[in-house]
Amino acid sequence: MHRTIRVATLLTFAGLAPALAQPTNQPAGNRPDAEPVRRQAAQPPGPRGESTDRRAERRMEAPHAVIFIQGDGMGDAMISGVRTLTRGEGTSTILSMPQSALVITSSATGPITDSAAGATAYATGFKVRNRALGIDPDGRELRTIMEEAESRGWSSAILTTTDLTDASPAAWVVSVPNRKMHEAIFEQMTGAGVNVLVGGLREASVQIEPPPNDPGDAPVPLAAKLRERAEAMGYALAQDFEAYRQLAESDRPVLFAPEQRQYPDAFGPQLAESLRVALDAVSRDPDGFFVFAEVEETDTAGHANDLDRAVAGVREVDAALRVALEFQERFPGTLIILTADHDTGGLSIGTQDYDSGAFDAKWATNGHTDHMVPLFVRGPGQRAFAGVIDNTDVPRTLARLLGWPMFTEPARTEPVPPPTPAGERRRGIGG
């Protein structure tokens, strides 16, 4: 059943907070004055008959760094709706991107993906079942393109405005059969060599563990246990943003676990602020870097059918993209990709009155949809992302641009039936 919000005039939303203002000062000591050493990634042999000039052009298009920004649940309908509601102000940076494509977001389970399977497709180039992270339907652990980047000497960062062990950030370096395995996820994330980790460590009651020895001891919050583990793995822990900024100037890996915002599923400062610091840190690596940065507010808004939060979330994505583009102006070898793992809520803006211009805002569901999502690209090789593509095509195209021979088998794009329980025979339609 549709939930409808009557919107008589655009002025209703005039009081919404403006997009995040851009700080003008960069943290001192984080960025070299000269551009980084330009890497020339090895390229596979070109097609038969390809000219030397074209092979040279492909080599020039190889990115030297990648910034992958995700608005969780931010489908084309949400972007379009926020553009209408803010008269274009809330999406101005997103819609300035020069290259775009539409992405099919299905999973191995079916046409509607969850965040775990959606993010895994972007990270690995393979479909997995919903709830799985980095493990295909045959039980094989999948290598991610961020792990490949790290093996080639690139620095890396994972940033999110929700729990660090949530599905989307975890998918880039984790292989577990179920996204709810938070402790195992954290152990793999802190053991993966990621230079900068930013995200919440929720102390949920369902994650309180019993004491290991004396039953009379007080239970240990999982978040406290995770912080201890991060320190044991060599991470410097930042308790606030200023500490995060200072620690990011060192050579140690940094974990910033900020406090919750007003809403229970959001953590820390605006993504633009955290991203600026992370880019300062990883860009000191002359070999290159791979950054994943996520805004969760867009997904939460879709699940809650909350129009104000949708506007705030898209604005936060827009502001983070602006920071990435400012960085790219100084480091033009950087490729920026902006997309969503799926659409949430199915927002639509429809006519109420042609004469007055009033309209309705409607939500189709509190869950995910099968809608395609937009993908926006700017940087070296941007023309390779075009048309209607599958989510598994994104890392495969990126690997080809980088000359990384990661993928030796095609992606399986059709749904994979779940295993049949022992003693049962799967029946077809009408069977």
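**View 1. Strand E4 and strand E5 run side by side.** In this predicted model, E4 and strand E5 (residues 196–200) pair in the parallel sense, with 4 bridges between them. If you want one spot to look for, find Asp163: its bridge partner in E5 is Gly200. Here's the general idea behind such pairs: strands of a sheet are held together through backbone hydrogen bonds, and they can be parallel or antiparallel.

**View 2. Strand E4 also pairs with E10.** E4 and E10 pair in the parallel sense, this time over 6 bridges. Look for Ala157, whose bridge partner in E10 is Val291. How many residues of E4 are buried? The count is 9 of its 9 residues, so E4 is mostly covered.

**View 3. Val291 turns up again, now with strand E2.** Strand E2 (residues 65–71) pairs with strand E10 (residues 289–295) in the parallel sense, over 6 bridges. In this pair, Ile67 has Val291 of E10 as its bridge partner.

View 4. Step back and you can read off the order of the 10 strands: E8-E9-E5-E4-E10-E2-E11-E16-E3-E17, with mixed pairing. Which strands sit at the edges? They are strand E8 (236–238) and strand E17 (387–390), and each of them pairs on one side only. Going from one strand to the next, the twist averages 20°.

**View 5. Helix H11 lies against the sheet.** Helix H11 (residues 307–330) packs on the sheet and touches E2, strand E4 (155–163), E10, strand E11 (334–339) and strand E16 (373–378). The direction of H11 makes about 170° with that of E11.

**View 6. Helix H9 meets helix H11.** The axes of helix H9 (residues 271–282) and H11 come within 8 Å and cross at roughly 25°. Angles under 35 degrees count as roughly parallel, and that's why H9 and H11 get that description. Their crossing is right-handed. On the H9 side, the contact is made by Leu271, Ala272, Leu275, Arg276 and Leu279; on the H11 side, look for Glu316, Ala319, Ala320, Val323, Ala324, Glu326 and Phe327. Sorted by class, the contact has 9 nonpolar, no polar and 3 charged residues.

**View 7. Helix H10 is mostly covered.** In helix H10 (residues 297–304), 6 of its 8 residues are buried. Which ones are they? Glu297, Thr298, Asp299, Thr300, Ala301 and Gly302. Following H10 comes Asn305, and its phi is positive, near 50°.

Conventions. Residues numbered from 1 in each chain as written. Predicted model: local features only at pLDDT ≥ 70, side-chain atom pairs only at ≥ 80, totals over all residues. Heavy atoms only, no water. Pairing = 2+ DSSP bridges. Helix = DSSP H or I, 4+ residues; strand = E, 2+ residues; numbered from the N terminus. Axes fitted to C-alpha atoms, helices over the stretch in contact; angles between N-to-C directions. Contact = heavy atoms within 4.5 Å. Parallel < 35°, antiparallel > 145°, perpendicular 65-115°, else oblique. Left-handed = near helix turned anticlockwise from the far one by under 90°. Nonpolar A, V, L, I, M, F, W, Y, C, P; charged D, E, K, R; others polar. Buried < 20%, exposed > 50% of the residue type's maximum accessible area, 1.4 Å probe, protein only.
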